[in-house]
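Hi,

Here is the structure I promised to pass on. Have a look at it first, then read my notes below.

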Amino acid sequence: MSPMQDEANGTKGAGDAAPLHILEAPACHLGEGPTYDPASDTAWWFDILGKRLFEKPSASPEVRVHDLPLMASQLCTVDDRTQLLATEKGLHVRDVASGRLTPHTALEADESDTRSNDGRVHPSGALWIGTMGRKAEMGRGSIYWFRGGELRRLYASVSIPNAICFSPDGTVGYFADTARGDIHRVPLDPETGLPSGEPAVFVPAGAFGGGPDGAVTDAEGNVWNARWGAGRIEVFSPDGRHLRSLAVPARQPSCPAFIGRHLDQLLVTTAYEGMDDAERAADPHAGRTLIVQAGAKGVAEPRVRLAL
């Protein structure tokens with residue numbers, strides 16, 4: 001750990017400090033979509049606006065950077081050779097060995113002013129993926145369900161879809177519209193990942209600093225939510241009780257994901273989107289990717305079901 005990394009530990013925002021290190025990788029304009037493939041012991045994440053995909057095997061200190069021809073925000077594992085990427089132009093299949101992208105399913109193909117944003121795979125193999133306006137226009141986005149080649153719109157008139165994650169048993173889903181500020185909880189059919197009831201407020205708007213960004217659940221079903229603008233990860237029990245505030249050394253954390261063989265490390269993406277030179281100077285770790293020893297254990301991200 002470098003002196004810079006030592007100084008980074010818990011220095012930004014109120015909340016618990018936890019040991020962490022900052023990966024030797026380029027800063028992200030808009031880091032997002034971290035996930036982990038246990039079969040290859042590899043973490044993946046994006047710089048959406050920078051059109052880059054990052055790859056970090058646990059066994060190596062090296063972070064590989066893959067340039068992309070388009071903006072992408074979510075990676076799902078199909079099998080050992082194939083991935084599914086949510087992009088500004090729909091769902092694309094990616095060949096792991098070559099990086100070749102092949103269009104698979106259109107997603108708002110007739111909407112040139114939207115792009116993909118936050119998403120996760122449900123235990124049933126269904127992908128929930130959000131879209132939003134390229135300039136975060138109010139109500140321009142939606143949240144979709146995809147499995148086996150079928151695509152359904154679940155929720156419309158969403159501005160900035162975020163915090164998509166699921167209880168370990170698949171009976172509960174969570175999501176947020178960052179522009180509105182509250183996180184919702186919805187009962188799900190565990191066999192399909194489709195809603196089986198109406199959403200209800202899980203964490204109300206304004207109850208905590210910053211806006212609700214990406215989220216992930218741990219093995220106990222607790223929700224770890226990145227708070228954009230607040231430099232913290234807030235942790236909530238399945239019944240909505242606040243359990244913990246975890247400080248991170250960047251003002252705009254965007255999404256956490258549990259990684260590593262034991263799923264006991266928390267990778268956190270951050271961003272410098274919207275910052276001017278003075279703000280970036282005051283937030284020197286903005287856009288960097290962090291690995292936090294958070295003292296919790298996650299669950300492995302399921303593989304997406306590309307075909308029935």
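**What I found**

Let's start with the inside: the largest nonpolar core has 17 residues, and Trp224, Ile233, Leu246, Leu266 and Val292 have the most contacts inside it. Strand 1 (20–22), strand 19, strand 20 (232–236), strand 23 (265–270) and strand 24 (290–292) are the elements that give two or more residues to this core. Keep in mind that this is a predicted model.

Leaving aside its neighbours within four places in sequence, Val292 is in contact with Ala18, Pro19, Leu20, Leu246, Gln265, Leu266 and Val268. There is also a second, separate core, this one of 14 residues, with Cys76, Leu84, Ile129 and Phe146 among them.

Now for the strands. As a reminder, strands of a sheet pair through backbone hydrogen bonds, either parallel or antiparallel. Here, 4 strands form an open sheet in the order 18-19-20-21, with antiparallel pairing. Which strands stand at the edges? They are strand 18 (211–217) and strand 21 (242–247); each has a single partner strand, so one side of each is left without a neighbour in the sheet. On average, neighbouring strands of this sheet are turned by 25 degrees against each other, direction ignored.

Another pair to look at is strand 12 (residues 141–147) with strand 13 (residues 150–158), antiparallel over 6 bridges. Arg147 stands opposite Glu150 in strand 13. The hairpin of these two strands has 2 residues between them, and Gly148 takes a positive phi near 60 degrees there.

Last one: Gln252, in the loop between strand 21 and strand 22 (253–259). Is Gln252 buried or exposed? Its relative accessibility is 7%, so Gln252 counts as buried, the cut-off being under 20%. Not counting residues up to four places away in sequence, Gln252 touches Trp228, Gly229, Thr269, Thr270, Ala271, Tyr272, Glu273, Met275 and Asp283. The side chain of Gln252 also reaches the backbone oxygen of Glu273 at 3.2 Å. Finally, Gln252 and His285 are 33 residues apart in sequence, and 9.7 Å apart in space from C-alpha to C-alpha.

Cheers

Methods. Residues are numbered from 1 along each chain as its sequence is written. This is a predicted model: local features need pLDDT of at least 70, side-chain atom pairs count only at pLDDT 80 or more; totals for chains, interfaces and linings use all residues. Side-chain values use heavy atoms; hydrogens and water are left out. Two strands pair if DSSP finds at least two bridges between them. Axes are lines fitted to C-alpha atoms, for helices over the stretch in contact, and angles run from 0 to 180 degrees between N-to-C directions. A nonpolar core is a set of buried Ala, Val, Leu, Ile, Met, Phe, Trp, Tyr and Cys residues joined through side-chain atoms within 4.5 Å. Buried means under 20% relative accessible area, exposed over 50%, partly exposed in between (1.4 Å probe, protein chains only). Contact means heavy atoms within 4.5 Å. A polar contact is a pair of N or O atoms within 3.5 Å; within protein, one must be able to donate a hydrogen and the other to accept it, and residues adjacent in sequence count only if both atoms are side-chain atoms.
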